[in-house]
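Me: I am new to this structure. Can you take me through it in short steps?

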Amino acid sequence: MDKNEKTGIKKFLDDWEMYIACVAFAVMCLAIIVNVIARFIFGKSFAWAEEVSYLGFSWSVFLGICTLYKNQAMISIDVIVDRLPKGGKRIIHVINFVVLLVVNAIFTYYAGILTIEAWIRPTAALRIPYTFMDFPAFLAFFVMTLYTIRFLYWSITGKEFAEAKLEDRA
């Protein structure tokens, strides 16, 4: 086994966003399938299945975005930046991550407010607080803020960090 190969808990902790997003996506798909079958067999659908699919969608989308962001796999247009000398790229990356830090911090703040205020509003079928629907946005923006701090530090110190290959980007 390779010394640098991650296994078990270490692998899960390094990729926890992806695993939770995958489970949430599977839950969403299962709820939709159950609802489609119920509609076909019984002629009506389950109200709870729609809310469960919304929950799965919210968790899978926001934590999926965290996974893409962490791996620098978001679509970007780097034509001009790629042609700059190393120092110019570094300056652009620092500016980029400062802007992203501010934006992610602002989104974290507003998503936090939304999540807290949603506690008193229950969903129609499951009667759970909308906080559970809104929390993934807060969590994602908070985690992306932390990743942005890491990327900004790496950019300032000149550390090279890997970006996803073009064909692996979302």
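Me: How many salt bridges does a search of the whole structure find?
Reply: Keep in mind that this is a predicted model. A pair counts when a side-chain nitrogen of Lys or Arg lies within 4 Å of a carboxyl oxygen of Asp or Glu. Searching the whole structure gives a total of 4.

Me: Where do K70 and D15 lie, and how many residues apart are they?
Reply: The salt bridge between K70 and D15 links distant parts of the chain. K70 is in helix 3, while D15 sits in the loop between helix 1 and helix 2.

Me: What does the pair of K70 and E17 tie together?
Reply: The side chains of K70 and E17 meet in a salt bridge. K70 belongs to helix 3 and E17 to helix 2, so the pair ties together parts that are 53 residues apart in sequence.

Me: Is K70 buried or exposed?
Reply: Buried means under 20% relative accessible area. K70 has 12% relative accessibility, so K70 counts as buried. E17 falls in that class too: both K70 and E17 are buried.

Me: Why are D14 and K10 separated by about one helical turn?
Reply: These two side chains meet in a salt bridge of 3.5 Å, N to O. D14 is partly exposed, with a relative accessible area of 22%. D14 and K10 are about one helical turn apart because their spacing in helix 1 is 4 residues.

Me: How many Å does helix 2 reach from its first C-alpha to its last?
Reply: Helix 2 covers residues 16-42, which is 27 residues. At 1.5 Å a residue, 39 Å is expected. The model comes close to that, with 38 Å.

Me: What covers the buried residues of helix 2?
Reply: The buried residues of helix 2 are E17, A21, A24, M28, A31, N35 and A38. Their cover includes helix 1, helix 3 and helix 6.

Me: Which residue follows helix 2, and what is its phi?
Reply: The residue after helix 2 is G43. Its phi is positive, near 80°.

Me: Where is Q72, and is it buried or exposed?
Reply: Most residues other than glycine have a negative phi. Q72 is not a glycine, yet its phi is positive, about 50°. Q72 is in the loop between helix 3 and helix 4. With a relative accessible area of 13%, Q72 is buried.

Me: Is R127 buried or exposed?
Reply: R127 also has a positive phi, about 60°, although it is not a glycine. Its place is the loop between helix 5 and helix 6. Exposed means over 50% relative accessible area. R127 has 54%, so R127 is exposed.

Me: What is the area of the nonpolar surface patch?
Reply: Its members include I95 and V103. V103 lies in helix 5, and I95 is found in helix 5. V103 is partly exposed at 33% relative accessibility, and I95 is partly exposed at 48%. The patch comes to about 1,100 Å².

Me: How many Å separate the C-alpha atoms of I95 and L152?
Reply: I95 and L152 are 57 residues apart along the chain. Their C-alpha atoms are separated by 8.7 Å.

Terms used
Residues are numbered from 1 along each chain as its sequence is written. This is a predicted model: local features need pLDDT of at least 70, side-chain atom pairs count only at pLDDT 80 or more; totals for chains, interfaces and linings use all residues. Side-chain values use heavy atoms; hydrogens and water are left out. Patches are made of residues with over 30% relative accessible area and no salt bridge: like charges are joined within 9 Å, nonpolar side chains (Val, Leu, Ile, Met, Phe, Trp, Tyr) within 5 Å. Accessible areas come from the Shrake-Rupley method with a 1.4 Å probe; for residues, only the protein chains shown count as cover. Helices (H or I, at least four residues) and strands (E, at least two) are DSSP runs, numbered from the N terminus. Buried means under 20% relative accessible area, exposed over 50%, partly exposed in between (1.4 Å probe, protein chains only). The expected span of a helix is 1.5 Å times one less than its number of residues. Contact means heavy atoms within 4.5 Å.
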